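Hi there,

Here is the structure I promised to pass on. Have a look at it first, and then read my notes below.

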Amino acid sequence: MARPDRRGGGGGKLREKVTAGQRGARELDRGSRFLSPRAGAGFPSSSSCSSSSSSSSRPRLPPTVTGIIHQMKGDYETALKLHKTHLAMVQELNDYAAQGRAYGNMGNAYNALGAFEQAVRYHRQELQISMEVNDRASQASTHGNLAVAYQALGAHDRALQHYQNHLNIARELRDVQSEARALGNLGNFHCSRGEFPQAVPYYEQYLRLSPDLQDMESEGKVCHNLGYAHYCLGSYQDAVKYYEQDLALAKDLHDKLSQAKAYCNLGLAFKALGDFAKAEECQKYLLSLAQSLNNAQARFRALGNLGDIFVCKKDVTGAIQFYEQQLALAHQVKDRRMEACAYAALGATYRLVQKYDKALGYHTQELEVYQELGDVPGECKAHGHLAAVYMALGKYAIAFKSYEEQLELGRRLKDPAVEAQVYGNMGITKMNVGVMEEAIGYLEQQLATLQQLSGNEAMLDRGRAYGNLGDCYEALGDFEEAIKYYDQYLSVAQSLNRMQDQEKAYRGLGNGHRGVLCGVLVVDGDGGGGGGVGRVITTVP
């Protein structure tokens, strides 16, 4: 599912994170690009529960069958009790292979309950037994299940190794179904970490196997995820290609909800290409499907996406009408989170046309709703939106206070992405008031926090932080230090093929070298600090 790039280029400065209403990141459903540990979501490494029947003529034991049935129905607590009963029975019978399957079923149940440490414990026991009885197929699926649990625990290196082990064994066994699951999960793993260049080849390999799989639903999911990955890489034509394949498969399956998701994201891809007519057409199809499905959430997304397109068309009046329809829908269905999102979109749009009083009013309502709901992530965003308006008004002290509150919430959330963004914006605020030394401190904290993040987006943020530091040192007259940071900015921009950022880095390098040259020409070296003084630095909306 597609989303626009979170950070735009602009003067080398860290931008404010703009609301969904202004950008178009209204995805119908974000979850399918992330690997879910729950059975049936994404590409399960095995069937969610394995049967305990062994190679002997012994009949299936009732607890196994009923445990599997309860697990398939989502009654995980009951399933877990039955799996434990089954384990005790096969231990009494000394059926070692069946014990391994029982451990696996218990691991899957704990996984579904979100008890990932227990899931790891039981899947490791399952893996040990499957290795002792030399059951390679069981080893493959268990590696996959362990990978899911480790990923949920944040042990990404271990998760990646188990995903890779799953793939290697599946290929060794020439098990196409298992290989496809492993490829899909590896793609999802990298996609969830923002590592889109690594994700794409795994999805493409999956699609090469798809004719042998005869699984149109999973093929559609992979096309969808490929579209998302290409969107995030800026390859919008490729995103359109895969979203169109996703849409065609959804139509063949007569799956209206999947069609709605495909239209939603296809529209976002066309919007990124500047083809607003096709983008609008796709979002109107989404709106029609949402109405036929009586899906208020999808209607809300469609109205928001249409508003975003009208913003891009510079038809602000039309955009506001769509966002007001969103707000009316939120009131109609009594959904407070929808209401807050609509306030955010309206606030962002009024900020865009410099009607700051209205923008403050809507963002204040947004904040109040999130506070009433106890929605800390929403409250955190709302503080950032208010800060952006105060920045535009030149009320830097109030903006800084809002950023401080946003930072505190980001720390409570233990979200390094939010913390890094806020540190950067706090640095920009200090740059606006000419306190470059303090700005440098916040920008260095931003860089330190970004070390915890991976992926292209984090790398781009790092590059832009280097650019901001270069601006600070240029303003202070320390041109050699400025050149050092502009060089690092340029290196990042080139590695990501970001042309606008390269231009800004080159411009900074030009200013820096000119400043050094001027300093050399001044007698006694006095007067070399004017290269960046007097520059107005603003947070770009």
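One term before the notes: a residue is called buried when its relative accessible area is under 20%. Please keep in mind that this is a predicted model.

Let me start with helix α5, residues 116-132. Its buried residues are Phe116, Ala119, Val120, Tyr122, His123, Glu126, Leu127, Ile129 and Ser130. What do they pack against? The buried residues of α5 have α4 (96-112) on their list of partners, together with α6 (136-152). The length of α5 also works out: 17 residues at 1.5 Å a residue should span 24 Å, and the end C-alpha atoms are 24 Å apart, so the two values agree. Just after this helix, Asn134 has a positive phi of about 55°.

The other spot I looked at is the pair α20 (residues 416-432) and α21 (residues 436-450). Their axes come within 8 Å and cross at roughly 165°. Angles over 145 degrees count as roughly antiparallel, and α20 and α21 are therefore roughly antiparallel to each other. The crossing of α20 past α21 is left-handed. Among the residues that meet there are Tyr423, Gly424 and Met426 from α20, and Tyr442, Leu443 and Gln445 from α21.

As for the whole chain, there are 24 helices and zero strands. Of its 541 residues, 54% are buried. Among contacts with a separation of 6 or more, 57% join residues 24 or more positions apart. The accessible surface is about 23400 Å², with 49% of that belonging to carbon and sulfur atoms.

Enjoy exploring it!

Best wishes

Technical notes:
Residues numbered from 1 in each chain as written. Predicted model: local features only at pLDDT ≥ 70, side-chain atom pairs only at ≥ 80, totals over all residues. Heavy atoms only, no water. Helix = DSSP H or I, 4+ residues; strand = E, 2+ residues; numbered from the N terminus. Buried < 20%, exposed > 50% of the residue type's maximum accessible area, 1.4 Å probe, protein only. Contact = heavy atoms within 4.5 Å. Areas by Shrake-Rupley, 256 points an atom, 1.4 Å probe, with all protein chains shown as cover. Expected span 1.5 Å × (residues − 1). Axes fitted to C-alpha atoms, helices over the stretch in contact; angles between N-to-C directions. Parallel < 35°, antiparallel > 145°, perpendicular 65-115°, else oblique. Left-handed = near helix turned anticlockwise from the far one by under 90°.
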